[in-house]
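Trainee: I would like to go through the salt bridges of this model, pair by pair. Can we start once the structure is on screen?

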Amino acid sequence: MQMEFVRKMPLPQELLRDYPIGEEMKRRKAARDGQIADILTGRDDRLLLIIGPGGC
């Protein structure tokens, strides 16, 4: 199988360095991360829909 290198995805550390976020956004992210963890572990019965990057 041959693959063509299109573009390297940035590392999370690179994104944090290049796009810093404030304290309020950090709190929101932590709360949402907790909600997602609850859904994935079955503590929350909601449906989680993840839409990722599209193809080229």
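Trainee: Which residue meets Lys8 in a salt bridge?

Mentor: This is a predicted model. The side chain of Lys8 has its N 3.2 Å from an O of the partner, and the cut-off for a salt bridge is within 4 Å. The partner is Glu14.

Trainee: Is Glu14 buried, partly exposed or exposed?

Mentor: Buried means under 20% relative accessible area, and exposed means over 50%. Glu14 has 22%, so Glu14 is partly exposed.

Trainee: What class does Lys8 fall into?

Mentor: The relative accessibility of Lys8 is 48%. Exposed requires over 50%, so Lys8 counts as partly exposed.

Trainee: How many residues apart are Lys29 and Asp33 in helix α2?

Mentor: The two form a salt bridge, with the closest N and O atoms 2.6 Å apart. Both lie in helix α2, which covers residues 23-41, and about one helical turn separates them. Their spacing is 4 residues.

Trainee: Which residue forms a salt bridge with Asp38?

Mentor: Asp38 is partly exposed at 27% relative accessibility. The closest N and O atoms of the pair are 2.9 Å apart, and the partner is Arg43.

How values were computed
Residues are numbered from 1 along each chain as its sequence is written. This is a predicted model: local features need pLDDT of at least 70, side-chain atom pairs count only at pLDDT 80 or more; totals for chains, interfaces and linings use all residues. Side-chain values use heavy atoms; hydrogens and water are left out. Buried means under 20% relative accessible area, exposed over 50%, partly exposed in between (1.4 Å probe, protein chains only). Helices (H or I, at least four residues) and strands (E, at least two) are DSSP runs, numbered from the N terminus.
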